[in-house]
Amino acid sequence: MYKTIGVLAHVDAGKTTFCEQLLYHTNSIKKRGRVDHQDAFLDNHSIERERGITIFAEQGRIDYKGDVYTLIDTPGHVDFAPEMERAIHVMDAAIIIVSAVDGIEGHTETVWNLLREQRVPTFIFINKADRESADVAAVMAAIQSELSPNALQFDNGLDAKAKEWIAERDEQLMEKYFADSLNDEECAVILKQLIHNEQAFICMSGSALKDEGILAFFKTIAQLTETNFDASMPFEGKVYKIRHDNQQRLTFMKALCGTLKVRDEFTFGDSTEKVTEIRLYNGASFTAVQQVEAGDIFAVKGLAKPIIGDVIGAAQMDRSIYEMIPALQAKVIYEGELHIKELTRIFRELEAEEPSLRVIWKEKFQEISVHVMGIIQLEVLTELMKERFGIEVGFGKPQILYNETIGAAAVGYGHFEPLKHYAEVHLKMEPNPRGAGITFSNKCHADDLSVGHQRLIKKHLFEREHHGLLTGFPVTDVHFTLLTGRAHNKHTEGGDFREASFRALRQGLEQVENLLLEPYYRFKMKASNEHIGRMMTDIQAASGVFEAPLLTEDTVTLYGRAPVATFMDYSTRFAAYTNGKGALTLQYDGYDLCHNSSEVIEKIGYKKNADPEYTSSSIFCAKGKGYSVPWDEAKEAMHCELKEDE
């Protein structure tokens, strides 16, 4: 049986130390490393060892009682949360490490919510229980109130208290419990089902550093989890990580079903690629094998086309959508001799490994920008470029990544007809709920436009982000409906519908109110209640909002929401006036209306009519010559019959 188990936590909760102990006890490593000694087995990159934090999701391999476990140690720092999220998509179970001293922190809640969305059975290890200031009972109460009431303390195994808890969730068991005829085996079966259905979350305590409770915790997980993969089906594999080993691409994936062998081939569009090597990794070392079966985690050579999130093989499944997205953008500063296009290629290689980087090449300014989660990620990128490629780069001050949307519905019209070209598109545009992104529906009849051309229009709408009118930042939260369109039997060529679609989109934007959106944090602030006035004043000054304060005899806790732009640097100030005793946790909370739109628009200075990639005008043809029709006159010039919807 193959089981993939992820280990997740807020930074400094003791996650990597926990992994070291577990790998040692299961004979996967011969010597235990330590983060502070810079010799942790899974933190094997020099940058991780120097900084003392996990940056890359790495796996250890455990053989235990006939089952094979892949243990994935994930980053705990919020700057590397996208790496953690991608690993979640291939986990069969998860371990969350919670500090008995610090309790549930912001990133813990983020991790918990992601695991619930992906329906990953979860176990909780309350670490650092040996510390003087540890309070396991208080942390357990917080887990039950803030994460799930179905959290079960299991330090004593299936004792009377645990049996009663399980029996309360099953009528037949309850009868047996009162009749005193409930045995351990029946309880274990029901508990396993409850865990699988996310109706029970086992919690145990111990100390990773002192090696207390680790093996007992793992044995509990081994007994209470099972997987069921079908190796007889055609092969399907989910890509969750890309790495490069001496410039050779390694595609890491999990086999969802079937068997994969060396020399198996896959077709991607017009090209076919062959698996030339299969590797099973344990830390930085690997074993080459001839085949792998359903449930296993492995890396292959020979595949260049698949990207992270793809499912390859028999299934034609949609690519995974990830929620942890950067809210900042930074310009690359480079003064070396390397050609800028070659530098872009190198950043593209890093983007393949970290898709959230979203490398942007701006031809007009001959500059590169990247999307990032925070300052620490930029520092790591600088070190990575120097160590891996021998290139010294810097980055400009990170800027907020804004979005734009529309405030009302409109129909956009686009026509592209220079000599020997022809395409026309009518697109209805409606506001989507916040966070829904771009969606599409089709009301175009095949009599008006072939199905192939209809698909082409949809493809062009999704192939890239589209510039808004206010700042040039991407348009989002819009539902497009293709109403109708027209092609020419002789003159319509490749690219014509791209031109017409983009012009229709832009023409629609011109007709309605455009709204600027900015990213927000959801925050939790806890400090001595003497600071309540300062906390509330600061939140309001930052254009944030908060719920009614939660007061105890000594402390105040505030929950609320504030723009990333005004709150991204607040932690330093908060720590200063609370003398480091306050607790501030920030979670990315999506986009909403910008608190200072006019100021941002003026500062960016985007000129919508000077954008080289977009125009709202349409091109028509008369007497063998193309001529431009401005957006406000385009509707009447269209060739298609206007539909009632319009």
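1. A quick definition to start: a residue counts as buried when its relative accessible area is under 20%, as exposed when that area is over 50%, and as partly exposed in between (1.4 Å probe, protein chains only). Keep in mind that this is a predicted model, where local features need pLDDT of at least 70, side-chain atom pairs count only at pLDDT 80 or more, and totals for chains, interfaces and linings use all residues. Residues are numbered from 1 along each chain as its sequence is written, and side-chain values use heavy atoms, with hydrogens and water left out.

2. Now for some rings. The whole structure holds 20 aromatic pairs (rings of Phe, Tyr and Trp, the latter by its six-membered ring, with centres within 6.5 Å; planes under 30 degrees apart are stacked, over 60 edge-to-face, the rest tilted). One of them joins Tyr64 and Phe218 edge-to-face, at 5.1 Å centre to centre and 70° between the planes. Tyr64 sits in strand β2 (residues 58-64) and Phe218 in helix α9 (residues 214-224), so this pair ties together parts that are 154 residues apart in sequence. Both Tyr64 and Phe218 are buried. (Helices, H or I with at least four residues, and strands, E with at least two, are DSSP runs numbered from the N terminus.)

3. Have a look at Phe523 and Phe567 too: they are stacked, 5.2 Å centre to centre with 25° between the planes. Phe523 belongs to strand β28 (residues 514-528) and Phe567 to helix α15 (residues 564-567), so the pair ties together parts 44 residues apart in sequence. Both Phe523 and Phe567 are buried. Ring pairs also link Phe523, Phe567, Tyr570, Phe574 and Tyr577 into a cluster.

4. Next, a sheet. Six strands form an open sheet in the order β14-β13-β16-β9-β8-β17, with antiparallel pairing (two strands pair if DSSP finds at least two bridges between them). β14 (285-289) and β17 (311-313) are at the edges with a single partner strand each, so one side of each has no neighbour in the sheet. Within this sheet, β8 (residues 236-245) and β9 (residues 248-257) pair in the antiparallel sense over 9 bridges, and Lys238 stands opposite Lys254 in β9.

5. Some charges sit over rings (NZ of Lys or CZ of Arg within 6 Å of the ring centre and within 35 degrees of the ring normal). The charged end of Lys241 is over the ring of Phe252, 4.3 Å from its centre. Arg116 has its charged end over the ring of Trp112, 4.4 Å from the centre.
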